Amino acid sequence: MADIDMKKLAHEMATEGAFHVIRRYVAENQISKEDASRWVAQIFVALAEKVKEAQRELRRLETVLVRLKGVTDTGKRARLFNPRDSLFLSLARELTTFDNWVISLYETDLSMISLGNPERARAKPVEMARAMDALYAKRLEDHDFLLKAPDLFRTG
C-alpha cells in the first residue's frame, strides 16, 4: 500500500464524495479494507455530530416558532395602526432569528449531503434560488403571495 497524500485525499473526497473515494482507493489497492472500514467509521462519527447539531438547531427553531406564533397571534387582531408599533420590531427580530436558524439547519443539511455527494450539495442552493425566483414570479402573476408550487422545487 502506498503512502496517502492527505491533501489530495481531502480534495478528492470534497469533489467526489468520501464513500466513492474510499471504494476507489480499495479497488486500486491504495488502502486495505481494514483502513477503509476505519475511514468509513470516522465519516459516520462526523455524520453523528452533524445529526446532533441538526437536533439542536431544530430545538432552536421550535423555540423561535413559539415566539413567532405569539407575535402573529397578537398581530392578527385588528388594532389602531401605529407605524412605530413595537410589534413590528418583535416580528422583525423573530423572523430574523427564525431565518438564521433555518439557514444554519440548511448548512448542516448540505454539509451532511456533501460527505456522500458534494456535487449535489453544491447544486442544491442554486436550484433553490432558481425555484424561488420562479415561485416569486408565479405569485406575482397570480396575485397570490402565499401561493404554493411544490412542483418548482426539485427533491433529492
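This is a predicted model: local features need pLDDT of at least 70, side-chain atom pairs count only at pLDDT 80 or more; totals for chains, interfaces and linings use all residues.
## The largest pocket

Helix H4 (residues 86–116) gives the largest share of the lining of the largest pocket, 4 residues. Helices here are DSSP runs of H or I with at least four residues, numbered from the N terminus. Residues are numbered from 1 along each chain as its sequence is written, and side-chain values use heavy atoms, with hydrogens and water left out.

Back to the pocket: its volume is about 260 Å³, and the lining is made up of Asp99, Val102, Ile103, Tyr106 and Met128. A pocket is an open set of points on a 1 Å grid over the protein atoms alone, where a 1.4 Å probe fits and protein lies on both sides within 12 Å along at least five of seven lines; lining residues have an atom within 4 Å of a point. The volume is the space filled by probe spheres set on the points, with points joined across faces, edges and corners. By class, that lining has 4 nonpolar residues, no polar ones and 1 charged. For the classes, Ala, Val, Leu, Ile, Met, Phe, Trp, Tyr, Cys and Pro count as nonpolar, Asp, Glu, Lys and Arg as charged, and the others, Gly among them, as polar.

## The second largest pocket

The second largest pocket comes in at about 210 Å³. Its lining includes Met6, Leu9, Met13, Trp39, Ile43, Ser114 and Leu115. H1, H3 and H4 are the elements that each give two or more residues to this lining, and H1 has the largest share with 5. There are 10 nonpolar and 2 polar residues here, and no charged ones.

## The nonpolar core

The largest nonpolar core holds 12 residues, among them Leu9, Met13, Ile22, Tyr25, Trp39 and Leu47. Such a core is a set of buried Ala, Val, Leu, Ile, Met, Phe, Trp, Tyr and Cys residues joined through side-chain atoms within 4.5 Å. Helix H1 (6–16), H2 and H3 each put in at least two residues, with the largest share, 5 residues, coming from H2.

Take isoleucine 22: leaving aside residues up to four places away in sequence, this residue touches Met13, Ile31, Ala36, Trp39, Val40 and Ile43. A contact means heavy atoms within 4.5 Å.

## Aromatic pairs

The model has 3 aromatic pairs. Rings of Phe, Tyr and Trp (its six-membered ring) pair if their centres lie within 6.5 Å; planes under 30 degrees apart are stacked, over 60 edge-to-face, and the rest tilted. Tyrosine 25 and tryptophan 39 make a tilted pair, 6.2 Å centre to centre with 55° between the planes. This pair links distant parts of the chain, 14 residues apart: tyrosine 25 sits in helix H2 (residues 18–27) and tryptophan 39 in helix H3 (residues 33–75). Both tyrosine 25 and tryptophan 39 are buried (under 20% relative accessible area; exposed is over 50%, partly exposed in between, with a 1.4 Å probe and protein chains only).

Phenylalanine 81 and phenylalanine 88 also pair up: their ring centres are 6.2 Å apart and their planes at 55°, so this pair is tilted. Phenylalanine 81 is exposed at 62% relative accessibility, while phenylalanine 88 is partly exposed at 42%.

## Positive phi

Asparagine 29 isn't a glycine, yet has a positive phi of about 55°. It's in the loop between H2 and H3, and its 55% relative accessibility makes asparagine 29 exposed.

Histidine 143, not a glycine either, has a positive phi of about 55°. You'll find histidine 143 in the segment after helix H5 (118–142), exposed at 67% relative accessibility.
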